[in-house]
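Okay, thanks for coming, everyone. I've got one structure for you today, so let me put it up and walk you through a few bits.

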Amino acid sequence: MGLILQGLVGLLFLTVGYVLFNKFTVQEIPQYPDTWWGKGDPSKEDTTIRPFKIDISNEIIDDLKLRLARTLPLQPALEGVQQNYGMNSQLLGSIIDYWKTSYNWTDRQQFLNKYPQYTVSVQGLKIHYIHVKPTINKQAKLKVVPVLLLHGWPGSVREFYEIIPLLTELQKDRSVVFEVIAPSLPGYGFSEATTKPGLSPMRVAQIMKNLMHRIGFKKFYVQGGDWGAIILTYMSMLYPESLLGAHSNMCVCEMTSCHLKLWLLGTTFPSLIAEKEEIPYFTPIGEKITNFLLLETGYMHIQATKPDTIGAGLRDSPAGLAAYILEKFTSWTNSEWKNLEDGGLTRRYTLDKLLDNVMIYWVSRSITTSQRIYAEHFNKEVFTSGLNNIPSEVPTACALFKNELTIQPKSLLQMKYPKLIQATYYPDGGHFAAFEQPDVLAKDIYNFVEKMEKK
């Protein structure tokens, strides 16, 4: 017992040393030129903003129907495993049947075109984005503020369709309303992919900043989850002058001072780093490693090393694409849903909503290019940039949903976000917050922005 106590004390002193080192060591923010990621001559870039409509050819849809009809018999699942070996073939078969017989692309395409959409070239890439202005009475005493919504993988702008009206329409007892800009990340959906290596989330942060400037917003709020959360954190460090505030539903401190040593200490002995009300959101370190690091990160290792290999199979098979993507909407929404026959998918979503997201990947043929961001993130430039060890000086809010892949206490988050204005824990909800619980997330965004605007 004495050795264990000595070890813990030693770990604590080592952690404090790292904290103090990072606190009093000034690290330089890297400066990146506006890299040209497209083809052709940069001097001839056409920066005209053009209206956009999703209009998929009959040839692509007919080909999809043929491929679905020719789906080979799925391998029968093992008895009693539900979704613990990946997506159960019985569940996948029922989804494919629905896709073939009930999902109507003509109607869904019309739905996906319900909001104004545009494209514009930024650093050589044609970026697709939704742009919705608020619908309010001119006499209403409301401040209109711009917010950039950023999605992640395996999501798309489809995640935001239910939250957009909550942000752009008058809400009772609110002093602000939002003008929403929701782009498809480069290489996702209807945004052009680069032909050059190196487009990491750091560089995407630059493109997103330049996109907002091109649209006409020099200062704005930004919100995101998954890659969107990582990109907005880089934006807050690289371009703080452009951000009014940052709101994330996947806040994580990756700094040397908190990511490993304090995290290990806290997940084993939560009371040392967390307040009493925060502790129920943590799990013992052994369970966390088993459930997350071992069971839920295999896809990441593949996509960070061989994205094009797995992408070839997913681009060729709609059944494979659906299985690969929709499995995440089970385990990342609630890890316990892996023990359900239906994967819990229709508890929080509908099959039409889920297939809308799959279809965006299929019809745009973007699954391979969407996965390359993993390979670009785990590379030398990112690791040597030092950005993960630099605090963000932008006012930040964290919405912490109980079933998120990883949750850290405020004591750790404040090391990365010293201007943490708001951190709220929610007893339900998982990784796809805007898609799962748009009402809850919208309220959290409003609360944060109103605090900022009152200042």
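So, Cys251 and Cys398 make a disulfide here, with the two sulfur atoms 2.1 Å apart. Keep in mind that this is a predicted model.

Where do the two cysteines sit? Cys251 is in the loop between β7 (243–248) and α8 (261–268), while Cys398 belongs to strand β8, residues 396–401, so the bond ties together parts of the chain that are 147 residues apart in sequence. As for handedness, the torsion about the S-S bond is about -95°, so we call this disulfide left-handed.

Are those cysteines buried or exposed? Cys251 is buried, because its relative accessible area is 2%, which is under the 20% cut-off. Cys398 is buried too, at 0%.

Now over to the surface. Leu293, Leu294 and Leu295 form a nonpolar patch there, and together they have about 320 Å² of accessible area. Take Leu293 from that trio: this leucine is found in helix α9, which covers residues 285–294. With a relative accessibility of 45%, Leu293 counts as partly exposed, because that class runs between 20% and 50%.

Last thing, confidence. The chain averages a pLDDT of 90, and 90% of the residues score at least 70. Over residues 1–26, though, the pLDDT is below 50, and that stretch has 19 contacts in the model beyond its near neighbours in sequence.

Okay, that's me done.

Key. Residues are numbered from 1 along each chain as its sequence is written. This is a predicted model: local features need pLDDT of at least 70, side-chain atom pairs count only at pLDDT 80 or more; totals for chains, interfaces and linings use all residues. Side-chain values use heavy atoms; hydrogens and water are left out. Patches are made of residues with over 30% relative accessible area and no salt bridge: like charges are joined within 9 Å, nonpolar side chains (Val, Leu, Ile, Met, Phe, Trp, Tyr) within 5 Å. Accessible areas come from the Shrake-Rupley method with a 1.4 Å probe; for residues, only the protein chains shown count as cover. A salt bridge is a side-chain nitrogen of Lys or Arg within 4 Å of a carboxyl oxygen of Asp or Glu. Helices (H or I, at least four residues) and strands (E, at least two) are DSSP runs, numbered from the N terminus. Buried means under 20% relative accessible area, exposed over 50%, partly exposed in between (1.4 Å probe, protein chains only). pLDDT is the predictor's confidence in each residue, from 0 to 100. Contact means heavy atoms within 4.5 Å. A disulfide is a pair of cysteine sulfur atoms within 2.5 Å.
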